[in-house]
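Dear colleague,

Please find below the structure I promised to pass on, together with its sequence.

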Amino acid sequence: MGRQETADRRRLVVIGNGMVGHRFCEQLVDAGGLDRFEITVFGEECRPAYDRVGLSQFFSGRSAEELSLTSESWYREQGITLHVDRTIASIDPATRIVVDDRGDRIEYDELVLATGSAPFVPPLPGVTLPGVFVYRTIEDLVAIQEWAGHSKRAAVIGGGLLGLEAAKAARDMGLETHVLEFNDRLMARQIDAAAGAVLRREIEKLSVQVRLGARTDALVGEDAVEGVRFADGALLAVDMVIVSAGIRPRDELARAAGITVGERGGIAVDDRLTTSDPHVHAIGECALHRDFVYGLVAPGYDMARTLATRLCGDAEAGFREGDLSTKLKLLGIDVASFGDPFAADADPSARSVVFEDAAAGVYQKLVLDADGTRLLGGILLGDTAPYALLHSAMREQTPVPERPHEWLFGSASSGVAGATALPDEAQICSCNDVTKSELLCAVADGATTLGELKACTRVGTGCGGCIPSVTQVLEAELERGGVEVNRSLCPHFPYTREELFWIVKLGRIESFDALLDSHGSGEGCEVCRPAVASILAATWNDLVFKHATIQDTNDRFLANIQRGGTYSVIPRVPGGEITPEKLIVLGEVAKKYDLYCKITGGQRVDLLGARVEQLPTIWEELVAAGFESGHAYGKAMRTVKSCVGSTWCRFGVQDSTAFAIRIEERYRGIRAPHKFKSAVSGCIRECAEAQNKDFGIIATENGWNVYLCGNGGANPRHGDLVATDLPDDEVIALIDRFLMFYIQTAKPLQRTARWLEELAGGIEYLKSVIVDDALGVGDQLEQDMQQLVDRYQCEWRAVVEDETLRARFRHFAATDPSDASGAHGSSASFLRERNQKRPIDWPDASQPAASIDVPSEESWTWQQLAHIDDFPLDGGAAVSYGGVQLAIYRFARRGSWYATQAMCPHRKDNVLARGLLGDQEGEPKVACPMHKKTFSLESGKGLSDPNYSVQTFPVEVRGDEVWVRLPPANALETELACSRHAE
């Protein structure tokens, strides 16, 4: 419904643009509030609402933009006036006017206070010293991160939810971390003493020290905080303190305006969420409802929804009580509580069902009513799998089974029930009040992915704890609807990558053809061919040439393809350490072959613009100077970045450069499901940025801390700390285990960060396998890695020293006379910019060109263009025909030949001959090596993108000669001219 542009709309002012304030605006829009109200919103932070629940992800590399829940443009599009970085100084209920910090006066008819809460900072001596922080906003976290760069030991005052989040952040930044809790247990508002003891033990296993009953007397220091002094006189030396001692409702505006507030704070509201002034309302953490202030987002969202619908005309809307249930991960430990977990303390007749596995760090408790027929609440720690079922049973008052423990472990006949066993009315997402039935309706309306469900229902966009249950419901409903949830590698192999890995390893399979014959079908495709090539390399560590035509062009030619079909050359520079003599060689090679030079982010030199036939000659000069392949083209170890460490740096505590070189030289050339990177920092200042690498190593006074499964890129993630103070050899053993476990179990093209996110049990399970050797496979993983290390060969050197291999590096089929000169080997043209060459810009591909215009087939004639031996089995090569290039493909398995234009219609580069071959439902196809667009070799139509197509030509083999039926060359030159001119 469009907004009514009438003068009778009432003026609604919202003070606060946090999570709850923003949700209120969303709910108001959904309820038709734009027709009723002219809305103005004030937010005191410099940015619109962001995910405060997920704030700690900021330390894992999630940016402020990625944490954002909205944008200023969203408010403009709705016609809502949003003022950021503006505070309200006062409220005058008598005149219904608010005054902002600039002195502007804004009238209102209805006022909503969503001012949230503020951190409680005890009035301790020294609490204002530099180095003392609260943990509330993005700006707080930025300040903490900057201070941590020159800190070693941190204390967190407070062992509640937010305090443990802060402790994780401090630990992940490499600081020795201490949690100081006044109560006798951690998370006193959510879990009981027994669960608290288990939680403490698990946290201390992570090298975080916990002090309970800690009565802090003062923070001490001169120019900055230097320690925490306790009431008993003991002193804890630290150089950073994070205060997380609870929150206080932001009720100062209401209090000053004479609006009723609670004795201990909070703006008093009734079930309609209205204050003592009928035109002023309060929601979220600032509101005191039935003498209770809710400190969780889910009740705040429920308040926002209730008030929005009531202001839009639903007189029956009311807020009765909030659900304090929560499920989250703290320091990698799963914790959940629901209902009233302390009901047995208040009512001795209540019954409890308790399970504890101290060795595994698991504690589970169900609290039942006196009759044992109704679930009142519970606690889950270490294993929260039953949470969705239990939370639903508590909310819906589901009868308790005769054996209540079956809710935790399942019955002998049915096993553990997951989210699929929940009733349709069960709430799956408490943050956004999304029920299972809403998810089912969304799937019925066409949602087939988790992202689509999030977009249409908001499920999983709060704390994210419901994602496993949502995934279960989605996959089960798709399967129930006849939509197969296919986890196979591709249509040619009905197996996952992990299954294929073990088929290859245990079956001693050493070629793609053998695997296709025994376990696959068809010709393969651009998905399975390189995936199997990776598996073969990761299992037997053969040179990639043995499987050349199932490799992507980068691995096939041992260099990264770039614009125009040229390649880049990146020699390995272990640890970033290089001699002046080698630097001179790089400069001489670049000058001789006119290559563009660029320093990479991994401390190497990239030489760009080499033609394919130039590569062996360039490598020959580099190998002679002591360089070897940097494997920048492979799904393999890329770089091990390092700082100068203790060798030069005044802060360094270990020799990070030497250790980085050792690591890089150990894992060079090892193939994996995706590229992986590493870094070694010589001290906690982290100049090598080790925490955003697949495995990162940071020096300590006593050894090395190891972080796993970080990555940069489009979706960055900080690695998890898995071991501390290890000596060199133990670090190597741990990485051996980690990499081999990843190589053997990950999906194709899956970085370690995404692999960990999907790994059942997450980081704790990974640690149990590679640190604790829970599966008893640690020695085997190390042996598997050592076999790969022992079989390493430099691929560039192997090409340089073998004339047969060198002959493969050509653009044209061998009989083409222009191959020697390279006159038409690339269609790329260059211009000079900043004293170096670069390719001219690609043509605009936003408007795909129509199919090329060729004369009728009556004018076509057969042309002999090459010989059989000029073409690789199951691969292609280019030939020249007049002023154009053609691509000819040889399918060995089906004994067939095909020909197309060599120019990809997408970006006009002559590279199709280097594409991967395969079939799609029996139809032969080629995948362009540049952007993986696929084309039928029979019809030329685009299979992945119908906007593009290629011209095909008939092929015949006569003896050992390859003939192609073609129109006159000049007719093709108009459409497919080989060269482009520089600007």
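This is a predicted model: local features need pLDDT of at least 70, side-chain atom pairs count only at pLDDT 80 or more; totals for chains, interfaces and linings use all residues.

Residues are numbered from 1 along each chain as its sequence is written, and side-chain values use heavy atoms, with hydrogens and water left out.

Helices (H or I, at least four residues) and strands (E, at least two) are DSSP runs numbered from the N terminus, and two strands pair if DSSP finds at least two bridges between them. On that basis, five strands form an open sheet of mixed pairing, in the order β32-β33-β34-β35-β36. Its edges are β32 (637-642) and β36 (720-726), each of which has a single partner strand, so one side of each is left without a neighbour in the sheet. From one strand to the next the twist averages 15°, where axes are lines fitted to C-alpha atoms, for helices over the stretch in contact, and angles run from 0 to 180 degrees between N-to-C directions. Strand β35 (residues 703-708) runs antiparallel to β36 and is joined to it by four bridges, with W704 having L726 of β36 as its bridge partner. Helix α22 (residues 656-667) packs on this sheet and touches β32, β33 (676-681), β34 (695-700) and β35, contact meaning heavy atoms within 4.5 Å; the direction of α22 makes about 175° with that of β32.

A further open sheet has three strands in the order β39-β48-β47, with antiparallel pairing. Here β39 (861-867) and β47 (955-958) stand at the edges with a single partner strand each, so one side of each lacks a neighbour in the sheet. Four bridges join β47 to β48 (residues 961-966), and E956 has W963 in β48 as its bridge partner.

There is also a hairpin of β23 and β24 with four residues between the strands, where G361 takes a positive phi near 70°. Strands β23 (residues 351-357) and β24 (residues 362-368) pair in the antiparallel sense over seven bridges, and D357 stands opposite V362.

Grid points are joined across faces, edges and corners, and a volume is the space filled by probe spheres set on the points. The count comes to five cavities of 30 Å³ or more, and the largest cavity holds about 70 Å³, with a lining that includes N541, H631, R671 and Y792. The second largest pocket has a volume of about 660 Å³; of the 30 residues that line this pocket, A548, T549, R808, P872 and L873 are the closest to its centre.

Finally, the structure holds 52 salt bridges, each a side-chain nitrogen of Lys or Arg within 4 Å of a carboxyl oxygen of Asp or Glu. One of them joins R11 and D109, whose closest N and O atoms are 3.4 Å apart. R11 lies in strand β1 (residues 10-15) and D109 in the loop between β6 (105-107) and β7 (110-113), so the pair ties together parts that are 98 residues apart in sequence.

With best wishes

Conventions: On a 1 Å grid over the protein atoms alone, a cavity is a set of points where a 1.4 Å probe fits but cannot get out, and a pocket is an open set with protein on both sides within 12 Å along at least five of seven lines; lining residues have an atom within 4 Å of a point.
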